[in-house]
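Here is a short briefing on one protein model. Look over the sequence and the 3D view, then work through the points below.

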Amino acid sequence: MLTGPQYSVLVTVDAHPELDQGSLAHTVALDRSTMADVCRRLEDRGLIARTQAPADGRRKLLGLTDDGREALARVHRRARELEQELMAEHAIDVDQLLVHLDALSRRWETVASAGPPG
């Protein structure tokens with residue numbers, strides 16, 4: 001099981017391998033101490049590897065391990081399964097739903113920007 005912050009870290013490290021821990025903290029909106037704790041836990045579980053940057057030994061570069069890639073793939077697979085299960089009973093597909101939600105959002109912005117009736 002992954003926490004939200006752990007998932008965010010794995011997704012971001014997968015998208016940006018060799019990102020340093022400080023930049024990753026900024027990218028996923030975690031403070032440095034929380035990021036250090038999340039990374040330590042992921043490293044303890046064998047999901048990420050931290051290495052020293054060649055030019056600066058204080059910087060830690062992050063990368064997914066094979067186990068990290070497998071864990072991320074399992075989470076993505078499970079999310080797709082849940083989405084399919086959730087939408088199975090509805091005639092509308094996800095693409096149509098997104099079109100309708102987008103239209104509703106635009107309408108809401110129009111109504112909200114018009115101000116109170118007057």
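**A glutamine and a helix pair**

The side chain of Gln21 makes a polar contact with the side chain of Arg50, at 3.1 Å. Keep in mind that this is a predicted model.

**Around Gln21**

- Gln21 sits in helix 2, which covers residues 21–27.
- Is Gln21 buried or exposed? Gln21 has a relative accessible area of 13%, so it counts as buried, the cut-off being under 20%.
- Leaving out residues up to four places away in sequence, Gln21 touches Met35, Ala36, Cys39, Arg50, Lys60 and Leu62.

**Helix 1 on its own**

- Helix 1 is built from 12 residues.
- From first C-alpha to last, helix 1 reaches 17 Å, close to the 16 Å expected at 1.5 Å a residue.
- Five names to find in helix 1 are Gln6, Val9, Leu10, Thr12 and Val13, which are buried.
- The buried residues of helix 1 pack against strand 1 (19–20), helix 2, helix 3, strand 2 (48–52), strand 3 (60–64) and helix 4 (66–87).

**Helix 1 against helix 3**

- Two packed helices are described by the angle between their axes and the distance between the axes.
- Helix 1 (residues 4–15) and helix 3 (residues 32–44) pack at about 80 degrees, with axes 10 Å apart.
- Helix 1 is therefore roughly perpendicular to helix 3.
- Helix 1 brings Pro5, Gln6, Val9 and Leu10 to the contact. Helix 3 brings Met35, Val38, Arg41 and Leu42.
- By class, this contact has six nonpolar residues, one polar and one charged.

Methods. Residues are numbered from 1 along each chain as its sequence is written. This is a predicted model: local features need pLDDT of at least 70, side-chain atom pairs count only at pLDDT 80 or more; totals for chains, interfaces and linings use all residues. Side-chain values use heavy atoms; hydrogens and water are left out. Axes are lines fitted to C-alpha atoms, for helices over the stretch in contact, and angles run from 0 to 180 degrees between N-to-C directions. Helices (H or I, at least four residues) and strands (E, at least two) are DSSP runs, numbered from the N terminus. Angles under 35 degrees count as roughly parallel, over 145 as roughly antiparallel, 65 to 115 as roughly perpendicular and the rest as oblique. Contact means heavy atoms within 4.5 Å. Ala, Val, Leu, Ile, Met, Phe, Trp, Tyr, Cys and Pro count as nonpolar, Asp, Glu, Lys and Arg as charged, and the others, Gly among them, as polar. Buried means under 20% relative accessible area, exposed over 50%, partly exposed in between (1.4 Å probe, protein chains only). A polar contact is a pair of N or O atoms within 3.5 Å; within protein, one must be able to donate a hydrogen and the other to accept it, and residues adjacent in sequence count only if both atoms are side-chain atoms. The expected span of a helix is 1.5 Å times one less than its number of residues.
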